[in-house]
Amino acid sequence: MNQNQFVIVGLGNPGKQYEDTRHNIGFMLIDEIAQEASASSAFQSKFNSFLVKTTWHGRDVILAKPQTFMNLSGESVRQILSYFKLTEQNLIVVFDDLDQAHGAVKMRIGGGHGGHNGIRSILEHTSNDKFCRVKIGIGKPLHKSATANWVLHKFSSEEYSLLKNESFPTAKNRILDFIQHSK
């Protein structure tokens, strides 16, 4: 068991029609990290996920994008943790958050699912809630009935620019800080 290795899972939905949508913000950040680690072309299909083992800023990481659709993400996460003999303390999950303003980044350890089906699935398939969560705000629609369309809608160019230039660098720095200060 390598307690110095971390699994960074970005949540999203597979398929071209979901690329660059609000719900796929986790996939987008994983792609950014993979690019920095020169691992973008090394993803393999394993454990119902696109997965790559790499080194990022001198740290061993496994980058994963579950291909089970958001609501079943926990199945893939459980398989990855089990195979690599890692615990939830070595898990970092990146996902969209309706309750934060667009682009806001919040990080915490443990807690409930907050209505997020991907996190709900991970909690159902892991032994505890003590994993790191990196939530990136996507704002919310004016009417709750529009939520499904909102999360599956693509970012505007202004929204995307904010993510690329501010949110993603902030999220990556917080993840690196977490990894470097974990025992």
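Select V7 and then I62, and you will find that V7 stands opposite I62 of strand β4, where strands are DSSP runs of E with at least two residues and helices are runs of H or I with at least four, both numbered from the N terminus. This is a predicted model, in which local features need pLDDT of at least 70, side-chain atom pairs count only at pLDDT 80 or more, and totals for chains, interfaces and linings use all residues. Residues are numbered from 1 along each chain as its sequence is written, and side-chain values use heavy atoms, with hydrogens and water left out.

Now widen the selection to strand β1 (residues 6-10), which runs parallel to β4 and is joined to it by 4 bridges; two strands pair if DSSP finds at least two bridges between them.

Next select strand β3 (residues 49-56), which is antiparallel to β4 and joined to it by 8 bridges. Here W56 stands opposite R59 of β4, and the hairpin of β3 and β4 leaves 2 residues between the strands, with H57 in the turn having a positive phi of about 50°.

Colour β4 (residues 59-66) by accessibility: 6 of its 8 residues are buried, so this strand is largely enclosed by the rest of the structure (buried means under 20% relative accessible area, with a 1.4 Å probe and protein chains only).

Finally, select helix α1 (residues 25-36) and helix α5 (residues 157-181), whose axes come within 11 Å and cross at roughly 70°, the axes being lines fitted to C-alpha atoms over the stretch in contact, with angles from 0 to 180 degrees between N-to-C directions. That makes α1 roughly perpendicular to α5, a term for angles of 65 to 115 degrees.

How values were computed: Buried < 20%, exposed > 50% of the residue type's maximum accessible area, 1.4 Å probe, protein only. Parallel < 35°, antiparallel > 145°, perpendicular 65-115°, else oblique.
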